[in-house]
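Dear colleague,

Please find below the sequence and the structure that I am handing over to you. My findings follow directly after them.

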Amino acid sequence: MKSKNKSLAQSVRWYRKWHRYTAMLLLTFIAIVSLSGILLAWKDELQLKPPSQKSVTTNQDLLPLSKIETIAIKHIEDLNLSSTINRIDYRPRKGIAKVRFQTHFTELQIDCYTGKILSQKIRTADIIEMIHDGSIIDYLVNSEGKTVKLLYSSVLGLGLLFLSFSGFWLWKKPKQIKKNKN
């Protein structure tokens with residue numbers, strides 16, 4: 001019985017030591033992921049992304065996507081920003097197209113009937129999302145791959161799994177030791 005308790009106690013010490021080291025190493029990253037996750041959950045309420053506009057014109061034909069692209073590129077070049085488009089979110093029912101760019105966080109909302117710029121805002125939620133998943137590092141160093149994002153997510157995920165597992169054992173093993181003493 002004594003050797004069994006001794007073995008359990010050694011196990012508890014090992015888990016406590018590595019639980020503490022892992023927690024200290026991951027503390028900053030866990031805090032960043034937690035805080036950015038809260039902000040992402042509340043992004044609409046905190047207005048971290050531009051609200052969708054609506055076109056007031058509906059009795060005309062919709063502009064072709066190529067025309068919307070041309071309007072967006074001309075407008076953004078007039079602001080001396082990169083005109084490389086990441087995506088165009090085309091919403092014909094609302095009569096708008098949201099244009100997002102590759103190298104900055106500007107979003108243009110363009111009226112699909114008139115070609116008028118309805119909104120030009122920064123997508124703060126995209127910045128927070130990149131901080132949350134670690135891809136902000138890839139973005140800042142202009143990496144085409146997702147190396148840092150994958151490494152960051154994997155290390156943090158495995159670290160949290162280990163903390164969960166070791167935390168459980170740090171709770172359970174002393175109970176076993178106490179039970180064995182009785």
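This is a predicted model: local features need pLDDT of at least 70, side-chain atom pairs count only at pLDDT 80 or more; totals for chains, interfaces and linings use all residues.

Arginine 91 is paired with aspartate 89 in a salt bridge, in which the closest N and O atoms are 2.8 Å apart. Aspartate 89 is likewise partly exposed, at 29% relative accessibility.

In the whole structure, the search finds 7 salt bridges. One of them joins the side chains of aspartate 126 and arginine 123, with an N to O distance of 2.9 Å. Aspartate 126 and arginine 123 are both buried. Another salt bridge, at 3.5 Å from N to O, is formed by the side chains of aspartate 133 and lysine 149. Because aspartate 133 belongs to helix 3 (residues 124–133) and lysine 149 to helix 5 (residues 147–181), this pair ties together parts that are 16 residues apart in sequence. Aspartate 133 is buried, with a relative accessible area of 17%, whereas lysine 149 is partly exposed at 26%. There is also a network, in which salt bridges with shared partners join Arg100, Glu107, Arg123 and Asp126.

Serine 135 meets both members of the aspartate 133 and lysine 149 pair. Its side chain makes a polar contact of 2.6 Å with that of aspartate 133, and, leaving aside neighbours within four places in sequence, serine 135 is in contact with Met130 and Lys149. Serine 135 is located in helix 4 (residues 135–140) and is buried, at 13% relative accessibility.

Turning to the nonpolar residues, the largest core has 12 residues, among them Leu63, Ile76, Phe101 and Leu108. Helix 2 (65–78), strand 2 (96–101) and strand 3 (106–111) each give two or more residues to this core, and the largest share, 4 residues, comes from helix 2. Isoleucine 76 touches Phe101 and Leu108, as well as others including His104 and Thr106.

A second, separate core has 5 residues, including Leu8, Val12, Leu170 and Ile177. Leucine 8 lies in helix 1 (residues 2–41) and is buried, with a relative accessible area of 10%. Beyond residues up to four places away in sequence, leucine 8 touches Lys173, Gln176, Ile177 and Asn180. By contrast, the C-alpha atoms of leucine 8 and arginine 87, residues 79 apart along the chain, are separated by 56 Å.

Yours sincerely

Note on methods: Residues are numbered from 1 along each chain as its sequence is written. Side-chain values use heavy atoms; hydrogens and water are left out. Buried means under 20% relative accessible area, exposed over 50%, partly exposed in between (1.4 Å probe, protein chains only). Contact means heavy atoms within 4.5 Å. A nonpolar core is a set of buried Ala, Val, Leu, Ile, Met, Phe, Trp, Tyr and Cys residues joined through side-chain atoms within 4.5 Å. A polar contact is a pair of N or O atoms within 3.5 Å; within protein, one must be able to donate a hydrogen and the other to accept it, and residues adjacent in sequence count only if both atoms are side-chain atoms. A salt bridge is a side-chain nitrogen of Lys or Arg within 4 Å of a carboxyl oxygen of Asp or Glu.
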